[in-house]
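The terms used for a structure rest on cut-offs. The questions below ask how some of them apply here.

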Amino acid sequence: MHGLHLTADLYQCAGCERYMLDADAIAGLCREQTAASGLTLVDDTWVKFPPYEGQPGGVTGTVLLAESHLAIHTWPETGSVTIDVYVCNFSADNSGKARRLMEGVIDAFAPRKVLRQQLMRGDIGMAQSADHDVDPAPGPESGWATEQLTPHARFGYRATALQTQQTPYQKLELLQTPQFGKVLRLDDCFMTSEGEEFFYHEALVHPAAMAHPAPCKALILGGGDGGAAEELLKHPSIERVVLAELDEAVVQFSRQHLQSVHRGALDDPRVEVCIGDGLALMDASDERFDLALMDLTDPDTPASALYAPDSLARMKRVLAPGGALVLHLGSPVFHGAQVAELVRSLHQQFAVVRCYGLYIPLYGAYWGLALASDELDPLELKAPQLAERLRQRKVRDLQYYNEQVHGALFALPNYYRELLK
């Protein structure tokens, strides 16, 4: 029973087309790599699926090994492949052979992106021990979902996988967690959750929205979960919110599963959901906004181009006089160089750049954000003024933000200040 289970999700495969479509070719590849790895082939079976709606069918197959198995599934319509290799280590450690087999097969498909995971399967010694109670290693239905912050830091939560979907842009997952309820994860990175979404969304929206005397129009770049839109609609002066989301699947997924995050904001008549490249949409429009929020995946993800200096300059052009841009920077603890570089870029574009931060539970770290403007300065508003503005606007249902927290967000620890020098 004791062994190593490896999985790999392959995207945008550029290898030989036969390895996506031809069961015989894939079978030959797997037999060759099994022999090269030193593992023992017992038998294999392969199924070629018929075309569907004009798209070629994929291939599913399993190689039975004396040590356990190899399984492959191809999706030629998206250029994606999933691979599982499981080996038993009871009589000998076959872990190195399993890794050689996995990497040999991956290389043949030549993917542009690979998501690898590994799981150590049960130790038979645990079943033989009767001296004390043992919490068994969790299986896939009740295991741990983790995220890697850096090559040296990883965190996670106990989670049950409810749904997984591969979109044209990313892997989208819905998890159920005891800690935060439903959790949205994109490409193995936690995005938002039912139980603690207010930490991020209230901090993203309200410091700038409260500093503005009367925000009427807002742009959200990304934000397909609807949480930022929901916070903006708490301000009575808001007449229009344009939500520009690249991946339509995120919006549909959130409508279906994350109602407690968006609370109907995605279908509010004041919110226009635009699917596509947000910057391209803005370049094609003369509309100007009082607030622009970059509610994107992290700067070290495929969204990195949107944080580049020329993209920040394009975002500045969509601001109305007195408007402000808000974005998250990553963690000053784990992504210090990235935070410093983004802030330098903002200073090149804007007269006022105010960095702030808070601990976001789902992200496992203290997180940095920034408000940038040529005129709007959130530090000019003191607690009594903010309390009165909150009362006049009747901004309610806030779980994190208040007039005292506003100032505290901008009170930076010394190590964060050092990054910004």
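Q: How do you know that strand 2 and strand 3 (residues 59–65) pair?
A: Strands are DSSP runs of E of at least two residues, and helices are runs of H or I of at least four, numbered from the N terminus. Two strands pair if DSSP finds at least two bridges between them. Strand 2 and strand 3 have seven bridges, in the antiparallel sense. In strand 3, Thr-62 is the bridge partner of Thr-45. This is a predicted model, where local features need pLDDT of at least 70, side-chain atom pairs count only at pLDDT 80 or more, and totals for chains, interfaces and linings use all residues. Residues are numbered from 1 along each chain as its sequence is written, and side-chain values use heavy atoms, without hydrogens and water.

Q: What is the order of the six strands in the open sheet?
A: The order is 2-3-4-5-1-6, with antiparallel pairing.

Q: Why do strand 2 (41–48) and strand 6 (111–120) stand at the edges?
A: Each has a single partner strand, so one side of each is left without a neighbour in the sheet.

Q: Why is Glu-231 called buried?
A: Buried means under 20% relative accessible area, exposed over 50%, and partly exposed in between (1.4 Å probe, protein chains only). Glu-231 has 1% relative accessibility, so Glu-231 counts as buried. Glu-231 lies in helix 6 (residues 227–232).

Q: What makes a polar contact with the side chain of Glu-231?
A: The side chain of His-206 does, at 2.7 Å. A polar contact is a pair of N or O atoms within 3.5 Å; within protein, one must be able to donate a hydrogen and the other to accept it, and residues adjacent in sequence count only if both atoms are side-chain atoms.
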